[in-house]
Amino acid sequence: IEAGLDLSILDDRVSFEFTYYTKKTTNAIAAVPAPPSAGLPGSQFLNIGEIQNRGFEIGFDATAYQSRDLGVDFNLKFSRNKNKIVSVGEDPFLTYSAGFGQYHVPGFPMAGIFHRRVLSADINSSGSQPVATNMMCESGAVTPGTVTGTTPGFSMGGGPAVPCLDAPAVYWGNAIPVWEGAAALSVTVRQNLILFGQVDFVGGHTILSGDVRAAHMSFRNTRAI
């Protein structure tokens with residue numbers, strides 16, 4: 001379902017666009033682990049589950065100045081989208097990338113990022129390498145069916161501190177930008193030369209940094225690890 005409006009004034013020198021949409025995708029394509037009975041490792045693509053997307057788009061165009069020798073035009077675009085997994089079929093969740101802590105969990109965005117969040121720890125630096133003890137992590141209500149032999153359960157967090165071994169993996173953020181946009185300026189000189197500049201921007205998402213991950217997990221030379 002999509003609805004919007006277009007508006008222009010001053011002989012089309014200023015125009016405005018607005019669109020709102022809501023979209024439900026059923027039988028979405030997802031990669032799921034291949035069953036052992038297939039005799040082959042890896043994953044297979046299946047039409048499974050349901051995904052919901054809602055958002056809006058805004059566009060603004062203006063001719064700031066126009067003469068025979070000089071023209072100045074401005075353009076702005078902005079959009080916002082929130083996606084949520086409604087269902088992944090019969091399973092309580094699907095693994096997207098276990099190594100990076102990304103999972104398809106109903107009630108959360110696609111490929112949501114889940115990790116334990118350490119709130120406090122005692123660090124002993126007397127030895128050759130610092131050692132953390134008494135580690136306490138954030139807790140919270142766990143999505144039913146997500147506690148398995150390889151996952152500690154997924155949660156929105158917000159609960160009191162508990163020993164990290166008993167803590168769930170809490171939601172850190174969305175891997176897909178929630179909002180994005182662009183601003184552009186165009187200058188036309190004597191109808192023969194056009195100078196154009198554009199700035200793009202995105203936000204509302206969480207980035208998994210390979211550099212930070214290497215410092216923590218490979219070189220293990222940070223206080224955080």
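Analyst: Happy to! A nonpolar core is a set of buried Ala, Val, Leu, Ile, Met, Phe, Trp, Tyr and Cys residues joined through side-chain atoms within 4.5 Å. Please keep in mind that this is a predicted model.

User: Which residues make up the largest nonpolar core?

Analyst: There are eight of them: Phe93, Tyr103, Val105, Phe108, Phe114, Phe154, Ala169 and Tyr171. A separate second core has six residues, among them Ala30, Ile48, Val88 and Leu94. As background, nonpolar side chains tend to be buried together in soluble globular proteins.

User: What does Ala169 touch, beyond residues up to four places away in sequence?

Analyst: Its contacts are Phe114, His115, Arg116, Pro152, Gly153, Phe154 and Ser155. Of these, Phe114 and Phe154 also belong to the largest core.

User: Why is Thr146 called buried?

Analyst: Buried means under 20% relative accessible area. Thr146 has 0% relative accessibility, so it counts as buried.

User: What makes Ala132 buried, exposed or partly exposed?

Analyst: The cut-offs are under 20% for buried and over 50% for exposed, with partly exposed in between. Ala132 has a relative accessible area of 36%, so it is partly exposed. Ala132 sits in strand β11, residues 131-138. Leaving out neighbours within four places in sequence, Ala132 contacts Ala121, Asp122 and Ile123.

User: And how do you know that β11 and β13 pair?

Analyst: Pairing takes at least two bridges between two strands. Three bridges join β11 to β13, and these strands run antiparallel. In that pairing, Met136 stands opposite Pro163 of β13. The open sheet has three strands in the order β10-β11-β13.

User: Why are β10 and β13 called edge strands?

Analyst: Each of them, β10 (118-124) and β13 (161-163), pairs on one side only. From one strand to the next, the twist averages 30 degrees.

User: What makes the phi of Asn27 worth a look?

Analyst: Most residues other than glycine have a negative phi. Asn27 is not a glycine, yet its phi is positive, near 55 degrees. Asn27 lies in the loop between β2 and β3. Arg190 likewise has a positive phi, about 50 degrees, without being a glycine, and lies in the loop between β15 and β16.

User: Is Arg190 buried or exposed, and how do you know?

Analyst: Exposed means over 50%. With a relative accessible area of 56%, Arg190 is therefore exposed.

Notes: Residues numbered from 1 in each chain as written. Predicted model: local features only at pLDDT ≥ 70, side-chain atom pairs only at ≥ 80, totals over all residues. Heavy atoms only, no water. Buried < 20%, exposed > 50% of the residue type's maximum accessible area, 1.4 Å probe, protein only. Contact = heavy atoms within 4.5 Å. Helix = DSSP H or I, 4+ residues; strand = E, 2+ residues; numbered from the N terminus. Axes fitted to C-alpha atoms, helices over the stretch in contact; angles between N-to-C directions.
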